[in-house]
Amino acid sequence: MYYSNIKKWDIADGAGVRVTIFVSGCTNCCPGCFQPETWDFHYGRPYTDETKEEILKALDADYIQGLTLLGGEPMEPENQKVLVELLKEMRKRLPGKDVWCYTGFTYETDLRRGGAKYCDVTGELLGLLDVLVDGRYIQEKRNLMLAFRGSENQRVIDMKETLKRGETVLSPWHF
C-alpha cells in the first residue's frame, strides 16, 4: 500500500483532534474529488512498519481522540489488507481511541458479503471501525453545511451499532 500524507493534528475529518492517513488508490474517481492524485495506487510513499509506528506514536498523545482513514480509498481491497493490521495493533495498544473511515463505496451494496469491494478482511476491518462515512462524493449534491461529509448523499454510520443490530444505524454526527 502507498499513502500520500499523514496528518498528526487533524480537526476536519472526524470528531476531536485526530491522526489521519491518506491512502493511495481509488477506482471511484469522483468528479470534483479534492485529491485526484491519490487515485493512483502508487502515488506518494510506500507504507512500511516505520509508517505504522509513526502513526501509533502520534495516536498515543492524550489530546488525540482517534485515527481517520481517508484516501484515495481505504476500502479498496489492496488497502483493506494493510489497514486491518494497523487497526488491530492500534486497538491492542490504544484501546481508548476511535476510528473513522471515509469511503466512496456504499456499505450495503459494496462492503457487505457479495459486494464489489468485499474481500477476506472486510468484515474484520468494518468491526474495527467506530464510524464509516460512506457514499461517493457527488459534486451536484455538495453541501458545505454538512458536518464531516461533502455531499448530501453521504452518510455518517455508527458501525458498532450497525453490526450489533444487523441494520444500518446513522451516527449522531450524521444529523
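Q: In this predicted model, where is Met75 placed?
A: The model is a predicted one, and the elements on either side of Met75 are β4 and α2.

Q: Is Met75 buried or exposed?
A: A residue counts as buried when its relative accessible area is under 20%. Met75 has a relative accessibility of 0%, and because this value falls under that cut-off, Met75 counts as buried.

Q: How many Å apart in space are Met75 and Thr122, C-alpha to C-alpha?
A: Thr122 is among the residues in contact with Met75 once neighbours within four places in sequence are left aside, and others in that list include Gln80, Cys101, Phe105 and Leu125. Although Met75 and Thr122 are 47 residues apart in sequence, their C-alpha atoms are separated in space by 8.0 Å.

Q: What distance separates the end C-alpha atoms of helix α2?
A: Helix α2 covers residues 77-93, and because each step along a helix is taken as 1.5 Å a residue, its 17 residues should span 24 Å.

Q: Which strands are included in what covers the buried residues of α2?
A: The buried residues of α2 include Leu83, Val84, Leu86, Leu87 and Met90. What covers the buried residues of α2 includes the helices α1, α4 and α5, together with the strands β2, β4 and β5.

Q: What is the volume of the largest pocket?
A: By class, the lining of this pocket has 13 nonpolar, 12 polar and five charged residues. The volume of the largest pocket is about 660 Å³.

Note on methods:
Residues are numbered from 1 along each chain as its sequence is written. This is a predicted model: local features need pLDDT of at least 70, side-chain atom pairs count only at pLDDT 80 or more; totals for chains, interfaces and linings use all residues. Side-chain values use heavy atoms; hydrogens and water are left out. Helices (H or I, at least four residues) and strands (E, at least two) are DSSP runs, numbered from the N terminus. The expected span of a helix is 1.5 Å times one less than its number of residues. Buried means under 20% relative accessible area, exposed over 50%, partly exposed in between (1.4 Å probe, protein chains only). Contact means heavy atoms within 4.5 Å. On a 1 Å grid over the protein atoms alone, a cavity is a set of points where a 1.4 Å probe fits but cannot get out, and a pocket is an open set with protein on both sides within 12 Å along at least five of seven lines; lining residues have an atom within 4 Å of a point. Grid points are joined across faces, edges and corners, and a volume is the space filled by probe spheres set on the points. Ala, Val, Leu, Ile, Met, Phe, Trp, Tyr, Cys and Pro count as nonpolar, Asp, Glu, Lys and Arg as charged, and the others, Gly among them, as polar.
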